[in-house]
Structures are given as C-alpha cells and as structure tokens.
Amino acid sequence: MATTSLAAASHHHRHHILLPSRSSPRAPNRVRLCPAFPSILCSSTSSASPQPTAGGEEEAEDEAESGGRLSKQSSWEATDGQGDDYLYRLGKEAENMNIAVGARSGVIDDLFVGKFLGRDSDIVFDYRQKATRKFEYLQGDYYIAPAFLDKVAIHIVKNYLANNLNIKIPLILGVWGGKGQGKTFQTELIFKAMGVEPVIMSAGELESEKAGEPGRLIRDRYRTASQVVQNQGKMSCLMINDLDAGVGRFGNTQMTVNNQIVVGTLMNLADNPTRVSIGQKWRESDITHRVPIIATGNDFSTLYAPLIRDGRMEKFYWQPTREDIINIVHRMYTKDGLSSEEVSTIVDTFPNQALDFYGALRSRTYDQAILKWVNDIGGYEQLGEKLLKRKNREKLPTFIPPKPTLDALIESGDSLVAEQELIMNSKLSKEYMKNLED
C-alpha cells in the first residue's frame, strides 16, 4: 500500500498523500516535508493504517500558521520570509547577549555541571573574559596630583551622568604632555582609587596586516568595557596609550587604511557612543552603555584635526609643577628614608627632567650592589647555571639592596645627564646618513 502510494505520487503530482491517520492527534511541530517528495508530508510517529487524503499541502500550511511556527517548515535548515535561518532568528529575537550562561552552577541542574573540575563546565572561560585591569600590583602610598585627579574624575563622572545632564559631553579625554611625565601611571592610580576597571589598548594594536581589524578591535574593546558596567556593576572605560604613536602623522610617514579606519572609528564612537556594532545586524534593543575613553600621547597636533575637536575630545595638557614632582619623588624614595628636603635638593640639582629620570636615579644606585652579588654566586660564567638550572631546594645568595644616599643619587644623576648630552651632541645618525643629504 505504501509502495503503491509513493509510486502514484511520483507519477501524479496532483495526488497528495498523508501517511498518518487523521484520527490520531499530533503536535504541529512533529510534521515535516519529505525532501525527496515535496508534496508528501511525513510524520515522525509510525501508523499501521495510512489513509490517503487530498489537499494535504493546504492543510499543512494552515497547521504551520496555527501552530505558531517561524516558518512553514519545521526543520532547522528552514528559512523564514526574509531568508534568515531558524537559529539566527532565535538569536536575533533574544534579549540576552551574555554568553557566560549555559552549564554554570545555579543555571542548570548540578547533575550536569559536575563538581570534579569546578562548578563551571568551561573552566577557562573566566580567564578568557579578563580583559580589564585591577592594578593589584600598585601597592604602596603613591601621590596623585590633584589637578590630574580632578580632570580624569570629572571626565568619568560627566560621561556616566550624560543622560541626566543637558550638555554636550565629549566622549574622549586626551591627556598629552612631555615624555616620562607619568601620564599613564597617574591615570592608573586614579583608576585604582576610584574602583574603575578599564580596558586598556596600546598603540601597537592600532595597526594590523588585515584591513579593518584595528577598528573592529576598538569597537570590541569598547563593548567589553560596556559589558563590565552592565554585567558586573563596576565602572569601566577604554584607555588607549600613546594614541599619537599609532595614528599620528610624523613628517613623511605613510597613512594606511587602518590609520583612517581607526580615526573614523573613534570619531563615530564619539558621535554615537551607545550604538556600537562589531559586525552583527542592528537591533533596536542593542543599546551599548556609554563608557568614557581616555587617550594618552605626547603630541596631539599630529592627529587628524576633526578627531580632536572640542565636541569629541577634551584635551588636558599635563605638566607637573615643582610641588607635584617633589611629592611624587618623595613617595618614591619613602622606603629609602630620604627626607623631603633631600628630595628637594635632588629636584633642584636636576631641573627640567622628566619624572622617570628620578626613578632611573634609584635604579642606577643598585648597579654596584648587583655586581657584587654576581661575584658572590661565582661570576658571569655561572649566571645561567645559578639562575636557571639550580636545584629546587638550592637557594641563591641573599641580595642586600643598597640604601641610596643623597651623594650616591646625585652622582648617578650626573652620569645620566652626561649620557643625555652625549646623545644630543653626537647625533651619529646624521654621520651615518650624511650621503643621503647630498
């Protein structure tokens, strides 16, 4: 009977045959179209007495509409009227974009989560999601310049209150100034003091061998910072270090496609901070939380002028005062026992130096102590054996750090200044390239 019916259906397309009996109830989602015979409807439940029925295609359409299915076909490969498949339609209609759900404790039954490797089935998921910084390594009593603190804190607060303030608020804060003035370090101290977990980028990530990749990375990092606010309830922001080194124009440097895309992406974020796409289709409910962007650099005059206009970027020139330098350096030398007067003497002895210069002074005073320690472990020939190939229980000789004195620091400072002047006066690059100047 079944063979005859199939043969008849193949020769006469006008005859539509339903194999299951109409008297047996069935759910609409248990009916599917046979791929070999589009006009034959097959049921997943077997029936011993199939009954031919005419008009099966029209009834299947009515059942598809009355059953509330997304399409007339119930298979996963079916597409809707717009050409989107069923899984895509489900994901598009879902409000929850958080992928950190699934086999997690408290979300599904503990029987499926297990307790052998941990409460979560994906034991490395938490590590992959750590895109923010918490600055646990910043231990100690550091000095934060009041002017710097006020500028960064105001910018963060204004952006989080953007919906309540009837003013135009720039999304980007550009902190620029001389090299080694502590722009990044001061910003990180403020983040730690305020409890901000930023997403940090560097200038090296603003170029790629693939066109468009840096722009997509910026949008992805921005959305990550927004998800920190939404999912963790913590303040966050996007910080880009040395922005001018990545997209600035210096002399005859070549502008690449990625440079243009990065600049355009930052301008678009400044104009539309709550609508950020990383490639998916737009959804009305896909609203990104506004998070501020903080960029550091040395010379913002090398950046594209429309990017740094007042409506998009607020500029802050950081030049620490003498009082700021003394306070910062004094906190740096607190463990060494130097008084505020001695630190003032060092600052006055070496004026017009960046903050990292005074940190290099302290590092230079360790040189002689390190040389003595190398001799104690057997000399240079034994370094690899002692440092890397020693036995587990074998301990290295104790290193006794020296106590920097005012005279030792000034002596180290004179050596550093002499090296600076030698580089500026020699200019060996001109000697090497003198044939190119002809």
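Is L161 buried, partly exposed or exposed? With a relative accessible area of 37%, L161 is partly exposed (buried is under 20%, exposed over 50%, partly exposed in between, using a 1.4 Å probe and protein chains only).

## Ground rules

This is a predicted model, where local features need pLDDT of at least 70, side-chain atom pairs count only at pLDDT 80 or more, and totals for chains, interfaces and linings use all residues. Numbering runs from 1 along each chain as its sequence is written, and side-chain values use heavy atoms, leaving out hydrogens and water.

## Around helix α12

Helix α12 (residues 340–349) buries V343, S344, I346 and V347. Looking down the axis of α12, these buried residues fall within an arc of 160°, so they line one face of the helix (the arc is taken over directions from the helix axis to the C-beta atoms). Helices here are DSSP runs of H or I with at least four residues, and strands are E runs of at least two, numbered from the N terminus.

## Aromatic pairs

Rings of Phe, Tyr and Trp (its six-membered ring) pair if their centres lie within 6.5 Å; planes under 30 degrees apart are stacked, over 60 edge-to-face, the rest tilted. That rule gives eight aromatic pairs. Y142 and F185 sit with ring centres 5.2 Å apart and planes at 85°, so they're edge-to-face. Y142 is in the loop between α5 (125–128) and α6, and F185 is in helix α7 (residues 183–194), so the pair ties together parts 43 residues apart in sequence.

F148 and W318 are edge-to-face too, at 5.1 Å centre to centre and 85° between the planes. Both F148 and W318 are buried.
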